[in-house]
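Colleague: I have the sequence and the coordinates open. Please take me through some of the terms and tell me what each one rests on.

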Protein chains: 2
Amino acid sequence: MEEVKLHGMWASPFTYRVKWGLELKGIPYQYVEEDITNKSPLLLHYNPLHKKVPVLVHGGKPVCESIVILEYMDEIWPQYPLFPINPFDRAMARFWIKYTDNKLFGNRLLFGSGSGEEAEKARAEGIEFLRTIEEQCLGDKKFFAGEAIGALDLAFGGIAQWLPVLEEVSGWKLLNADEFPRLYAWTKNFKEAAVIRDNLPGADKLAGLYNRLRHQRLRSAAE
Amino acid sequence: MEEVKLHGMWASPFTYRVKWGLELKGIPYQYVEEDITNKSPLLLHYNPLHKKVPVLVHGGKPVCESIVILEYMDEIWPQYPLFPINPFDRAMARFWIKYTDNKLFGNRLLFGSGSGEEAEKARAEGIEFLRTIEEQCLGDKKFFAGEAIGALDLAFGGIAQWLPVLEEVSGWKLLNADEFPRLYAWTKNFKEAAVIRDNLPGADKLAGLYNRLRHQRLRSAAE
């Protein structure tokens with residue numbers, strides 16, 4: 001079997017999408033941690049356009065963008081399919097993945113200026129996003145894909161582990177159990193699944209990073 | 001065979017991606033023109049989240065988002081594959097499609113305010129986009145996919161027919177033949193291919209629409 005390497009960063013939910021996919025499929029791989037403040041020449045070589053993690057290097061060839069990598073993995077390693085087999089269901093999964101990838105309100109919530117207007121707007125967008133997922137996408141299933149975790153669950157992984165930390169650091173509460181009971185239950189189900197539970201960044205470590213980034217940003221905005 | 005309908009809008013390059021795909025695969029379909037200033041109840045029913053064209057309705061089931069539709073079409077109707085067969089090449093096509101779908105500088109170019117600062121910024125972004133495509137993506141091939149038109153060519157269709165009209169209306173010239181010889185040659189090859197040539201909105205009609213929209217926007221910005 002050809003060598004598999006994953007270039008990632010410990011706090012990136014996009015990196016974890018790929019890591020979880022590899023674990024679910026049982027693919028042996030070498031993980032390469034990247035310092036995103038000092039990117040390695042190899043990362044710049046593999047992803048010259050975006051210079052971002054994750055990059056999956058398979059037999060020396062790089063594949064970039066987390067969702068593109070998940071699709072690639074399903075084609076190369078068919079065990080434990082991440083995307084639904086039925087073409088219509090696959091299209092639905094891709095539709096929702098595209099929707100979530102355009103809704104990155106997290107950074108604006110975290111870095112919203114002191115006045116809070118930008119953060120307030122990001123919060124409203126975040127609530128609308130969660131409501132759409134709760135009402136139109138999740139349904140009464142245990143996971144987005146049904147009884148087992150699939151690509152859409154991996155894509156929404158950020159809601160399960162990163163959002164609660166973001167809420168704590170920013171002081172905004174978005175995902176209330178009362179308001180979003182199904183989505184809240186999903187976060188529990190997701191984080192309790194063995195492969196996910198064993199591959200999550202620590203909440204304290206994540207909070208430490210977000211606090212540092214937030215204070216840096218607010219300080220530089222105030223200067 | 002189950003009924004196939006395409007809900008689209010005559011000036012939308014996203015609609016044409018799907019239309020071209022259907023024509024290339026030789027799938028009989030009914031085209032339903034949508035008035036985007038007065039959307040039909042059926043469109044709102046089929047795409048309640050985005051309320052946008054194109055929507056492909058296959059056997060009564062709607063698929064939304066132009067690229068999601070092209071992927072679906074390749075799975076349902078394997079004749080004339082739009083995406084490359086090789087998994088690594090497929091990943092590359094998906095990577096570049098994702099890149100182009102995040103670079104919608106056209107609207108800002110068209111609607112840039114009188115002072116021109118916004119339009120100037122959109123123009124610089126557009127040039128950078130074209131340079132990236134010219135140097136990193138197209139190579140010396142006739143089409144992005146090689147000798148025959150594929151999904152990436154359909155995704156870039158806007159460059160071939162819509163961009164020249166946008167340039168004319170906005171007064172900004174982006175795609176110079178001297179500066180981007182390969183991409184310029186591609187626009188010629190693409191528009192000369194039979195299925196594309198026979199399915200393009202007229203440049204004059206498009207210019208009329210863009211001029212009206214631009215004047216409306218500039219007038220309302222000045223009020």
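Modeller: In chain B, B:Val57 stands opposite B:Pro62 in S4(B). This is a predicted model, in which local features need pLDDT of at least 70 and side-chain atom pairs count only at pLDDT 80 or more, while totals for chains, interfaces and linings use all residues. Residues are numbered from 1 along each chain as its sequence is written, chains are lettered from A and ligands numbered from 1 in the order in which they are written, and side-chain values use heavy atoms, with hydrogens and water left out.

Colleague: What makes S3(B) and S4(B) a pair?

Modeller: Two strands pair if DSSP finds at least two bridges between them. S3(B) (residues 55–58) and S4(B) (residues 61–64) have four, in the antiparallel sense. The strands themselves are DSSP runs (E, at least two residues; helices are H or I, at least four), numbered from the N terminus.

Colleague: Why do S2 and S4 of chain B count as edges?

Modeller: The open sheet has four strands in the order S2-S1-S3-S4, with mixed pairing. S2 (30–33) and S4 of chain B each have a single partner strand, so one side of each is left without a neighbour in the sheet. Neighbouring strands are turned by 25° against each other on average, direction ignored.

Colleague: Which strands pair with S1(A), and in which sense?

Modeller: S1(A) (residues 4–8) pairs with S2(A) (residues 30–33) in the parallel sense over four bridges. S1(A) also pairs with S3(A) (residues 55–58), in the antiparallel sense and again over four bridges. A:His7 stands opposite A:Val32 in S2(A), and its bridge partner in S3(A) is A:Val55. A:Lys5 stands opposite A:Val57.

Colleague: How do you know which hand the β-α-β unit of chain A has?

Modeller: The unit runs from S1(A) over H1(A) (residues 13–25) to S2(A), and it is right-handed. The word applies if, with the strands pointing away from the viewer, the path from the first strand over the helix to the second runs clockwise.

Colleague: Why are H8(B) and H11(B) called oblique?

Modeller: H8(B) (residues 157–170) and H11(B) (residues 203–222) pack at about 50°, with axes 9 Å apart. Angles under 35 degrees count as roughly parallel, over 145 as roughly antiparallel, 65 to 115 as roughly perpendicular and the rest as oblique. The two helices are therefore oblique to each other. Residues that meet across this packing include B:Trp162 and B:Leu166 in H8(B), and B:Leu206 and B:Tyr210 in H11(B).

Colleague: Is A:Lys173 buried, exposed or partly exposed?

Modeller: Its relative accessible area is 44%, so A:Lys173 is partly exposed. A:Lys173 lies in the loop between H8 (157–170) and H9 (181–192) of chain A.

Colleague: What does A:Lys173 contact beyond its sequence neighbours?

Modeller: Leaving aside neighbours within four places in sequence, A:Lys173 is in contact with A:Arg123 and A:Glu167, where contact means heavy atoms within 4.5 Å. From A:Pro84, A:Lys173 is 89 residues apart in sequence and 33 Å apart in space, C-alpha to C-alpha.

Terms used
Axes are lines fitted to C-alpha atoms, for helices over the stretch in contact, and angles run from 0 to 180 degrees between N-to-C directions. Buried means under 20% relative accessible area, exposed over 50%, partly exposed in between (1.4 Å probe, protein chains only).
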